[in-house]
Amino acid sequence: MAGLRAAIGFLTVLPVRVRGEDGLAASRMWFPFVGLLLGGLLAAADVLLRTGIRAGQGGPAALHGGPLIPLLLGTILVALLAVLTRGLHLDGFMDTCDALLGGFDPRRRLDILRDPHVGAFGMAGAVCLLLSKAITIGSLPVGSRTWVMLVVPCISRWAVLLVMGRFPYVRSEGLGAPFVRAGGAARATIVGLAVTGAAVAALAGSLGLVLVAAGALVALGVGAWATRLLGGVTGDIFGAVVESTEVIMLVLAVFLTLGDGAALSPPPFAGI
């Protein structure tokens, strides 16, 4: 269970101590479990917020009383996820936007990744990302939103394992280095896929596996793009993978539920 504690300490704001590089290396296999933990907290917050609105404004119809209420709920959930993860992945996403869109050669792009300041591309990317997440979460039908909130963080944290195992790491040090130096990436990816696939099928139904496939494709696409421009990946790229897969899966979830509001939910709990 040391790996699980290390994964929680690294991926969340929860006060769990990470014991050195060996602890980080052992934590990879537990990334999807931590994703489920984060998803559970988001889903609980979503249910509590909706319950509070119903109680305060006179029933379920209050949730559809104005266009700002879903957007407000989506914004709160996006902010909560950023707080729960200490903005770790968001920071990597912003740095990646600055480096891959603003640099002109691999060395300059790597220098930008090291720069603690946020540039124009990073700021614009963060605004678009957060706004897209808030709008898509708010647009999800109630019958599927809780379940989507549960599985999306799990899938995105498995997807980053694909990138860790598939693409070279371009630094000899850095936040992501311990995850790639220890080896065993294939085993972590396969175990993570088994956990993620089982969780998604149980919580979001068989259609939810489409989100798993989409997450994998987006992750591999980001990894390939970074490798072409940088020669490999870095810890910031890992963060960008998490954020990019999440927003694409949320957009896809909206389209998958257009015809059936409970399309991404387990049949026993459809319409919760």
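Visitor: How many of the residues of the chain count as buried?

Guide: Of the 272 residues in this predicted model, 52% count as buried. A residue is called buried when its relative accessible area is under 20%.

Visitor: And what about the surface of the chain? Which atoms does it belong to?

Guide: The accessible surface comes to about 11900 Å². Carbon and sulfur atoms account for 70% of that surface.

Visitor: How many helices and strands does the chain have?

Guide: There are 12 helices and 0 strands.

Visitor: What should I know about a helix before I look at one?

Guide: An α-helix has 3.6 residues a turn, so residues three or four places apart point the same way. Now take α1. Of its 10 residues, 8 are buried, so α1 is largely enclosed by the rest of the structure.

Visitor: Which residues of α1 are buried?

Guide: They are G3, L4, A6, A7, I8, G9, F10 and L11.

Visitor: Is T12 buried or exposed?

Guide: T12 is buried, because its relative accessible area is 2%.

Visitor: What does the side chain of T12 reach?

Guide: Two backbone atoms. One is the backbone oxygen of I8, at 2.6 Å. The other is the backbone nitrogen of L14, at 3.1 Å.

Visitor: Which residues is T12 in contact with, leaving aside its neighbours within four places in sequence?

Guide: T12 is in contact with A7, V34, L38, L84, T85 and R86.

Visitor: Let me follow R86. Where does R86 lie?

Guide: R86 lies in the loop between α4 (68-84) and α5 (88-102). R86 is partly exposed, with a relative accessible area of 44%.

Visitor: What is there to read in the phi of R86?

Guide: Start with the general rule. Most residues other than glycine have a negative phi. R86 is not a glycine, yet its phi is positive, about 60 degrees.

Visitor: Back to the inside. How many residues are in the largest nonpolar core?

Guide: The largest nonpolar core has 62 residues. F31, V148, M149, V233 and I237 have the most contacts inside this core. Helix α8 (residues 142-166) gives the largest share of the core, 14 residues.

Visitor: Which residues form a nonpolar patch on the surface?

Guide: V13, L14, L37 and L41 form one. Together they have about 280 Å² of accessible area. Take L37 as the example. L37 is in helix α3 (residues 31-57). At a relative accessible area of 33%, L37 is partly exposed.

Visitor: How do I read contacts along the whole chain?

Guide: Look at how far apart in sequence the partners are. Among contacts between residues at least 6 apart, 77% join residues at least 24 apart.

Visitor: Where is S265 found, and is S265 buried or exposed?

Guide: S265 is in the segment after α12 (235-256). S265 counts as buried, at 6% relative accessibility. The side chain of S265 reaches the backbone oxygen of A262 at 2.7 Å.

Key: Residues are numbered from 1 along each chain as its sequence is written. This is a predicted model: local features need pLDDT of at least 70, side-chain atom pairs count only at pLDDT 80 or more; totals for chains, interfaces and linings use all residues. Side-chain values use heavy atoms; hydrogens and water are left out. Patches are made of residues with over 30% relative accessible area and no salt bridge: like charges are joined within 9 Å, nonpolar side chains (Val, Leu, Ile, Met, Phe, Trp, Tyr) within 5 Å. Accessible areas come from the Shrake-Rupley method with a 1.4 Å probe; for residues, only the protein chains shown count as cover. A salt bridge is a side-chain nitrogen of Lys or Arg within 4 Å of a carboxyl oxygen of Asp or Glu. Helices (H or I, at least four residues) and strands (E, at least two) are DSSP runs, numbered from the N terminus. Buried means under 20% relative accessible area, exposed over 50%, partly exposed in between (1.4 Å probe, protein chains only). Contact means heavy atoms within 4.5 Å. A polar contact is a pair of N or O atoms within 3.5 Å; within protein, one must be able to donate a hydrogen and the other to accept it, and residues adjacent in sequence count only if both atoms are side-chain atoms. A nonpolar core is a set of buried Ala, Val, Leu, Ile, Met, Phe, Trp, Tyr and Cys residues joined through side-chain atoms within 4.5 Å.
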